Amino acid sequence: MNKMLTSALALSFALTLSPALAAGKTLTVAYPSDFQSLDPAIGYDTQNWPVEHALFVTLLNYDAGTKLKPWGATDLGTVSADGKTYTFRIKKGITFADGEPTDAAAFKYALERVLNPKTKSPQGGKGGWFGVLVGADAFVDGKAASVSGIKVLDPYTLEFQLKSPDRTFLNVLATPFSAAVPRKAVEKWGSDFSHHIVANGPFIFKSWVPGQKLTLIRNPKYFDVANAARIEMIEFQLGLSEQVSLLRAQTGQVDMLGNGIPSAQFVAVSSDPKFKPYLKSAVQVATFYVFMNLQKPPFDNKLVRQAVSLAIDKKRMVQLVNGRGKATGQILPPGMPGYDPSIAVDAPDPVKARALLKQAGYVDSGNLSFVTTSDEPYPKLSQAVQQQLAAIGMKVELRVLPNAEYINTITTPGSTAIGMSAWFQDYPDPSDYLDVLFEAAYYQPGGFNLSGYKNPALDAQLRKLRGLPLAQALSGYQQAQKQVLADFPLVPMYNPVQYDFVNPRVTGVVVHPVWNYVYQDWGIK
Amino acid sequence: MLSFLARRLVWSAGVLLLASLLTFFVGYKLPADPARMIAGPNASAETVLSIRHQLGLDQPFAVQHAHFLGGALTGDLGRSYRTEQRVLPTLLERFPYTLALALSGLAFEVLIGASVGLLAAGTRVRAVDGLASTFVLLTLAVPSFWLGIILLYLFGFRYPIFPLGGAEGGPISLFLPALTLGLSGAGYYARVGRASLLEVLGEDYIRTARAKGVSAGRVMFKHAFKNALRPLVTMTGLDLGVLLGGALIIEQVFGWPGIGTLAWQAVQSVDLPMIMGTVLFSALCIVVSSVLVDVLYRWIDPRIRA
């Protein structure tokens with residue numbers, strides 16, 4: 001009996017210890033700039049999102065790919081027949097680090113906080129993702145104290161009512177903007193909440209020395225024990241230049257470079273055999289392209305646009321980024337539902353391009369500006385495009401702008417005739433590309449229909465497709481994409497390939513198509 | 001002295017007001033939208049407009065500037081557009097790093113530069129003077145960022161005696177950035193020190209002292225050096241003021257979390273409150289150091305007091 005008891009005790013001790021044994025050590029990640037914000041209502045870039053995803057639980061999440069799965073919710077929710085009402089049951093036992101429960105009220109509070117213009121959330125107000133909720137307009141205008149379309153049916157049941165069917169609402173519920181936040185802590189800290197984060201995810205906040213170091217630790221009270229974080233601590237080293245961070249990574253002082261291998265050192269590092277085990281690559285769900293404004297001559301002429309598309313050598317563009325790209329003939333990137341592998345990458349044909357310009361009656365005005373930004377790799381890509389256009393008889397002058405001015409310029413309708421841009425996904429749905437880049441409503445100040453593309457039939461089709469389940473809508477999106485490409489409003493060039501530098505002692509590192517990095521899945525040997 | 005200080009105070013307030021007005025105007029006129037920078041490229045145009053309104057960026061220039069000045073006079077420099085942190089506490093958090101770098105960098109500048117300059121002027125050995133001139137030429141010609149990168153690579157990576165950038169290593173992390181700062185500015189101190197000492201050595205009272213049989217060493221150390229140091233005092237004071245505003249390039253190279261790095265990030269993200277904060281802080285440091293130098297000068301040179 002005593003022997004059995006001792007064995008049982010030893011076994012239970014070992015079992016409780018094993019997560020701690022498996023979890024251990026500190027992971028260090030280096031970023032050249034500080035985090036903008038860890039507040040899930042505010043932080044909105046590729047640096048902030050993976051950390052917010054590690055800190056805050058959302059109703060839904062993605063599997064290793066782009067398939068939605070429940071996280072804070074018990075399932076993917078029930079949808080009404082008209083597609084406008086979503087009901088979710090929330091798992092019990094999810095708590096914030098200060099003891100507040102993650103319940104229906106916490107989610108309602110968080111979403112209303114994002115909608116509230118005073119929060120200044122990038123998805124706030126009527127134009128944000130939650131503007132689709134019934135009652136959102138009245139709430140944003142200050143005419144209602146809460147959003148009538150978010151209903152707390154009971155402490156752990158939440159109902160959303162949309163103005164119109166929109167399947168992407170499920171994708172939105174997987175973004176950090178939809179994460180529940182602890183009301184008491186938010187009200188206590190206000191705008192300083194970002195530096196006093198109280199979380200409920202696989203990691204919790206430990207400390208943040210602005211500009212120097214952010215530290216997260218494993219959440220001992222995380223509700224999903226089987227999927228708890230496998231490392232004890234993540235330390236983000238901030239403020240070091242990319243080159244210094246690379247040197248630190250090479251000496252083992254840093255496990256991973258958050259922004260990947262610096263461009264200038266890429267060839268040297270990737271060709272060094274001793275760093276082969278450190279390199280991890282993945283095609284990003286993004287597309288680099290040249291856009292032409294259909295509302296401005298000479299690009300109001302389809303033949304001119306077609307000539308430009310035949311002038312650009314996409315394989316040359318990939319060479320210019322040292323092979324960190326995959327040439328493409330379409331706007332939807334691999335990994336995005338609706339990506340059509342049957343669309344080939346068209347080879348350049350300067351002879352045909354010149355003939356098309358002649359046919360169009362194109363006369364070189366000598367005052368065409370090609371708008372681009374000074375951020376890598378735009379300058380060298382733009383120079384190549386300039387040379388390729390000159391070879392077909394179209395002279396453009398490069399207008400290289402700092403990023404802030406560049407975004408302002410290209411999103412001011414009518415200010416740009418031709419330029420270069422890129423689009424990175426928010427969530428894996430074709431509407432995140434085709435609607436934003438080609439719907440007429442997005443050709444407005446701040447909008448990203450940079451080509452000024454206006455096609456009422458396409459707009460109606462895209463609106464209709466948004467209301468359908470994704471599987472049903474895919475062929476419609478593929479048709480829509482082909483239709484757009486046939487008008488040549490832009491020239492897709494390549495999908496960037498991300499090369500990460502990761503110490504081989506770190507395990508489980510897979511670049512996620514939505515989150516980029518899923519820190520909770522990583523371990524240390 | 002009191003009336004002098006009062007005049008300087010009024011002058012300083014005027015300089016700060018002008019600096020604030022100019023910087024605000026440039027920021028206002030920049031063809032970049034801070035609201036878009038905050039919201040990111042994927043946010044809708046309507047949301048960006050809403051953020052602009054919340055930040056008061058749709059107000060006329062005079063209203064925006066008046067609002068800023070009103071806050072500044074009560075010690076509230078607003079919140080960063082990018083991070084929403086309060087500007088003044090953020091500046092004060094970073095200031096100790098900038099102060100440490102400025103003081104240690106300045107110490108290297110003065111010690112190395114003044115020593116080389118005074119040695120070159122005081123020596124009769126041509127080779128020594130020649131070496132000193134070469135040193136001056138090198139330190140003036142070599143860009144500080146290049147020097148910093150080389151020192152960091154050599155002594156932080158190749159032969160790791162010092163930490164590889166950052167400030168988390170403690171005081172030893174300060175050595176390489178301070179040395180880089182010191183070497184970059186030492187050439188100016190060497191030139192000024194040399195010229196100043198040569199001028200003093202040509203003065204009548206020095207000739208008189210020599211004629212009276214005072215030893216060469218006593219002439220140099222008791223009479224000449226003291227008077228040769230005066231221009232260096234001015235330089236040091238003004239230099240300190242500039243460095244306290246943030247040695248931007250050095251901080252960037254070494255990842256030193258001072259005000260210079262803060263300013264650079266603010267400019268890149270069109271973070272107007274932080275830009276205003278760092279510019280005003282820098283202007284304040286220069287103005288204060290300028291006043292202190294004037295006061296010090298009046299104290300050490302009786303002729304000015306008279």
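**A close look at helix 3 of chain B**

Modeller: In this predicted model, the buried residues of helix 3 of chain B pack against helix 2 of chain B. Those buried residues are B:Thr47, B:Val48, B:Leu49, B:Ser50, B:Ile51 and B:Arg52; buried means that 20 or more other C-beta atoms, placed from the backbone, lie within 10 Å of a residue's own. Helices here are DSSP runs of H or I with at least four residues, numbered from the N terminus. Just after helix 3 of chain B, B:Gly56 takes a positive phi of about 75°.

Now for the interface. The contact takes 40 residues from chain B and 42 residues from chain A, where two residues touch if their C-beta atoms, placed from the backbone, lie within 7 Å. Helix 3 (45-54) and helix 2 (34-39) of chain B are among the elements giving two or more residues to the side that touches chain A. Helix 3 of chain B gives the most to that side, with seven residues.

How far to trust it? Chain B has a mean pLDDT of 87, with 98% of its residues at 70 or more; pLDDT is the predictor's confidence in each residue, from 0 to 100. For the complex, the predictor gives an ipTM of 0.86 and a pTM of 0.88.

On bookkeeping, residues are numbered from 1 along each chain as its sequence is written, and chains are lettered from A and ligands numbered from 1 in the order in which they are written. Local features need pLDDT of at least 70 and side-chain atom pairs count only at pLDDT 80 or more, while totals for chains, interfaces and linings use all residues.

Definitions and conventions
A residue is buried if 20 or more other C-beta atoms lie within 10 Å of its own, exposed if 12 or fewer, and partly exposed in between; C-beta atoms are placed from the backbone.
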